[in-house]
Amino acid sequence: MNKSKFNIMRFIPSGIPCLLIVLLIFTYIGSVMGVPQMLNTIMKTAHDLLLNTVFYLMGICVVTGAIGRLFVEFGVVKLLENLLRPLMRPLFNLPGVASLGAVMTFLSDNPAIISLSQDKRFCSYFKTYQYISLTNFGTAFGMGLLVIVFMVGHGFYAEPFIGLAGACCGCIVSTRLMQHFVLKVHPEYAEQTAGKQEELAEEETAVKEESLFIRILNSLLDGGRTGVDVGIAIIPGVLIISTFVMILTFGPSAEGYTGGAYEGVELLPWLANKADVVFHYLFGFNDPHLVAFPITALGAVGAALSLIPSFVTQGWADGNAIAVFTAIGMCWSGYLSTHTAMLDSLGYRELTPKAIGAHTVGGIVAAIVAHWIYLLYCLF
C-alpha cells in the first residue's frame, strides 16, 4: 500500500500542472468559440491540412529528394562542396569539409549533419568546439531546398533567395556564438581534436556497372522514397502544431463560429499588437497575424510552411514577409525539436541550452537581415 501511494505521489508535481494548463487552454478556447464548434474546428482544420497541405508538402519532398539524390550520384554535391570550401574558415570558423554538411542539410534536413559527424575521418578536421557547433551550423540550412521551392511555387521568386542570404548571416552568428559559449565553459576544447588524426582519403569512385539510365532511375526512385519518409515525418508537426497555432491566430468566419476549418480566437495577433513596434521595425511585418510563422517554425518548419497559403489568400503576406519567412524558417527549421537529439547523439547533451540560445539569436538576426536586404532590393 505504501509503495502504491509513493508511486502515485511521484507524478503529482508534474501531472497536476499539466492537467491544469491543458484545461485552462481548452476552457479559454471553448468559452470563446463554444465547445462543439471548437471540437469541430480542430478536426476539420487538421483534416484540411492533411489533404491540402501535407500531401502538397510530401509531393515537394519527393521531388526535391529525388533531385538531391541525383546531385549526389553525379557529383554535383561534391562540386558545390569544393566551391564553398574557401568560405568556411573566414565566415564560420570551420574547416572546409564542413561545407559538405551545409549542402547535405540544405538538400534534406537537420539530422543529415549527424551522419557526417559520426565519420571519424570527417571529425578529425575539427577542434572539439568546432565539432559541437556543427549542430547550429547544420540546422541553419535544414530543408532549405524545400522551403525555397515551396515559396517559388506560390509565385515568389527573388524573395526566397533574399531569405537564403539572411539565413546564411543568421548561421554565421549562431555558429560563432555557439563556439564562444563552448570555449567559455570548456577552454580546453580549443586545442582538443574531435576525432582521431587520420588523413581524409580521397573517395574512390566505384566503377558503375549499371548503365546511365539505370543510375538516373535508381537515384530518382531512391531519393523520392526518402522524400516520402520526410513527408510522413512532418505529418504530426503540421497537424498538431499548425492546428493549434491557427486556432490561436485566425478569427471567426463571416457567419461567426460555425465549427468550420480555420476559425479561431485571434489570441496571437492580440499579443503581437502589444509588441507591434518590435515586429514592424525589426521584421517589417505589416500584420500581427504573421507572427504565427516564426512561432511555428520553432517546432517544425514544415508546419510553418502550412500557414503560407492562408496568409497569401488573406493578403497578409507580402514580398518582405516571404523573405523574412524564408530566412527564419531555414535558420530555425524546428531547432527546438531537433537540437536536443542532435547534441545527445554527439555526446554533449549538457550544452543543449547554449545551442538553443545561440540559435535563437541567429534566427532573429537572419530575419532582420532579410528584411533590410529586401528593402534595399525594392530601391533598385
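**Briefing: loops, aromatic pairs and a cavity**

Tyr 262 is situated in the loop that joins helix 12 (235–249) to helix 13 (267–274); helices are DSSP runs of H or I with at least four residues, numbered from the N terminus. The model is predicted: local features need pLDDT of at least 70, side-chain atom pairs count only at pLDDT 80 or more, and totals for chains, interfaces and linings use all residues. Residues are numbered from 1 along each chain as its sequence is written, and side-chain values use heavy atoms, with hydrogens and water left out.

**Positive phi in loops**

- Most residues other than glycine have a negative phi.
- Tyr 262, which is not a glycine, has a positive phi near 65 degrees.
- With a relative accessible area of 23%, Tyr 262 is partly exposed (buried is under 20%, exposed over 50%, partly exposed in between, with a 1.4 Å probe and protein chains only).
- Asn 93 also is not a glycine and has a positive phi, of about 55 degrees.
- The loop between helix 3 (76–92) and helix 4 holds Asn 93, which is buried at 18% relative accessibility.

**Helix 4**

- Helix 4 (residues 98–107) is mostly covered, with eight of its ten residues buried.
- The buried residues of helix 4 include Leu 100, Val 103 and Leu 107.

**Aromatic pairs**

- The whole structure contains 13 aromatic pairs, in which rings of Phe, Tyr and Trp (its six-membered ring) have centres within 6.5 Å; planes under 30 degrees apart are stacked, over 60 edge-to-face and the rest tilted.
- Phe 137 and Phe 141 form an edge-to-face pair, at 5.7 Å centre to centre and 70 degrees between the planes.
- Phe 137 is buried at 0% relative accessible area, and Phe 141 is buried at 8%.
- Tyr 374 and Tyr 377 form a tilted pair, at 6.2 Å centre to centre with 40 degrees between the planes.
- Both tyrosines, Tyr 374 and Tyr 377, belong to helix 20 (residues 352–379) and are three residues apart, about one turn of the helix.
- Tyr 374 is buried at 13% relative accessibility, whereas Tyr 377 is partly exposed at 43%.
- Ring pairs also link a cluster of Phe 250, Phe 279, Phe 283, Phe 285, Phe 293, Phe 311, Trp 316 and Phe 325.

**Cavity**

- One cavity of 30 Å³ or more is counted; a cavity is a set of points on a 1 Å grid over the protein atoms alone where a 1.4 Å probe fits but cannot get out.
- The largest cavity holds about 30 Å³ of space, a volume being the space filled by probe spheres set on the points.
- Ala 272, Asp 276, Phe 279, Phe 285, Asp 287 and Pro 288 line the largest cavity, each with an atom within 4 Å of a point.

Key: Helices (H or I, at least four residues) and strands (E, at least two) are DSSP runs, numbered from the N terminus. On a 1 Å grid over the protein atoms alone, a cavity is a set of points where a 1.4 Å probe fits but cannot get out, and a pocket is an open set with protein on both sides within 12 Å along at least five of seven lines; lining residues have an atom within 4 Å of a point.
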